[in-house]
Amino acid sequence: MGTLILAVTALFLYSVGTALQALHLRGKVHSNLAVTTLIGVLALIGHGLLIAQTVHLDGGFDFSFFKSSVLISWLIVFLLLGLNLSKPVQSLFIAAYPIAALTIVMALITHTPSRLVSEESYGMLSHIALSVTAYSLFTLAAIQAVLLYVQNRQLKRNYNSLLVRNLPPLQTMESLLFEMVWAGVVLLVLAIVTGAVFIQDLFAQDLAHKTIFSLLSLLVFVGLLVGRYTKGWRGITASRWTLAGCALLMLAFYGSKFVLELVFHRGV
């Protein structure tokens, strides 16, 4: 199937999913798990086939700026659909679907130098797989943190908006956030460890800045978890720490890739 057809199909389905979620948050339609899952799975299939044609090249994988974004957004939707089967995370679709659609559009209309990784580089591929999964999970955590922040602010001001009325209870929102952070920390630690094992020269491979910001983000997330269990951090404090850690992690990945590929036009 042609790349354009796959892209248009995925974009259409993501648009439908976003519209349904927006109507649900406004109280216009009733949420249906089966319909939400079906639309998401169909979009995910089209998105995945698009990745197979654009990211997977002969003999390797292209992990350039926009190609990596398409892969990460696919993982975000994949993880969210899985979580939605057992956790009240449906509100996150309102941000996840537009993010996925935007990455598809940008990957099709832009061109950056390729960052190829050979299919035989199993160690590096395992490091990348852990890294992008951690990034995807922390992206969901960031969206959850924003919703939790808004929910806290509105409840403190006694303002019960449509958004807040359609969100799970505050305690549930906080529990979900910390579950995501815990899982993300485990994956990020594994990614850093595999990187230390399989990356031979940080400076020669332009990975020094990425490593530094990744370690800083890990310290922030660990600090958040320590604060949670020693000082009872929650609500707005937890949201701010989560967003700070996610910002550092985005600088680690997108910041370094943006400078190398879009500013200096360096590939592999």
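## A salt bridge from lysine 87

With which residue does lysine 87 form a salt bridge, and how far apart are the closest N and O atoms? In this predicted model, the partner of lysine 87 is glutamate 179, and the closest N and O atoms of the pair are 3.2 Å apart.

## A second salt bridge, from helix 7

When the whole structure is searched, two salt bridges are found. Besides the pair already described, glutamate 174 forms a salt bridge with arginine 234, and here the closest N and O atoms are 3.3 Å apart. Since glutamate 174 lies in helix 7 and arginine 234 in the loop between helix 8 (208-231) and helix 9 (235-263), this pair ties together parts that are 60 residues apart in sequence.

Are the two residues of this pair buried or partly exposed? Glutamate 174 counts as buried, because its relative accessibility is 3% and the cut-off for buried is under 20%. Arginine 234, with a relative accessibility of 46%, counts as partly exposed.

## Helix 1 against helix 2

Two packed helices are described by the angle between their axes and the distance between the axes. For helix 1 and helix 2 (residues 33-54), the axes come within 9 Å and cross at roughly 155°. An angle over 145 degrees counts as roughly antiparallel, and helix 1 is therefore roughly antiparallel to helix 2. The crossing in which helix 1 passes helix 2 is left-handed.

On the side of helix 1 (residues 3-25), the residues that make this contact include Leu6, Ala10, Leu13, Gly17 and Leu20. On the side of helix 2 they include Val35, Ile39, Leu42, Gly46 and Leu50. Sorted by class, the contact of helix 1 with helix 2 has 14 nonpolar residues, six polar residues and no charged residues.

What does glutamine 21 touch, not counting residues up to four places away in sequence? Its contacts, counted in that way, are Gln90, Ser91, Phe93 and Ile94.

Threonine 18 also has its place in helix 1, and at 19% relative accessibility threonine 18 counts as buried, because the cut-off is under 20%. Not counting residues up to four places away in sequence, threonine 18 touches Ile94, Tyr97 and Pro98.

## Helix 3 against helix 5

The axes of helix 3 (residues 65-84) and helix 5 (residues 122-156) come within 9 Å, and they cross at roughly 60°. Helix 3 and helix 5 are therefore oblique to each other, and helix 3 passes helix 5 in a right-handed crossing.

Which residues meet where helix 3 contacts helix 5? From helix 3 come Ile72, Leu75, Ile76, Leu79, Leu80 and Leu83, and these meet Val132, Thr133, Tyr135, Ser136, Leu137, Thr139 and Leu140 in helix 5. By class, the contact of helix 3 with helix 5 has ten nonpolar residues and three polar residues, with no charged residues.

Terms used. Residues numbered from 1 in each chain as written. Predicted model: local features only at pLDDT ≥ 70, side-chain atom pairs only at ≥ 80, totals over all residues. Heavy atoms only, no water. Axes fitted to C-alpha atoms, helices over the stretch in contact; angles between N-to-C directions. Helix = DSSP H or I, 4+ residues; strand = E, 2+ residues; numbered from the N terminus. Parallel < 35°, antiparallel > 145°, perpendicular 65-115°, else oblique. Left-handed = near helix turned anticlockwise from the far one by under 90°. Contact = heavy atoms within 4.5 Å. Nonpolar A, V, L, I, M, F, W, Y, C, P; charged D, E, K, R; others polar. Salt bridge = Lys/Arg side-chain N within 4 Å of Asp/Glu carboxyl O. Buried < 20%, exposed > 50% of the residue type's maximum accessible area, 1.4 Å probe, protein only.
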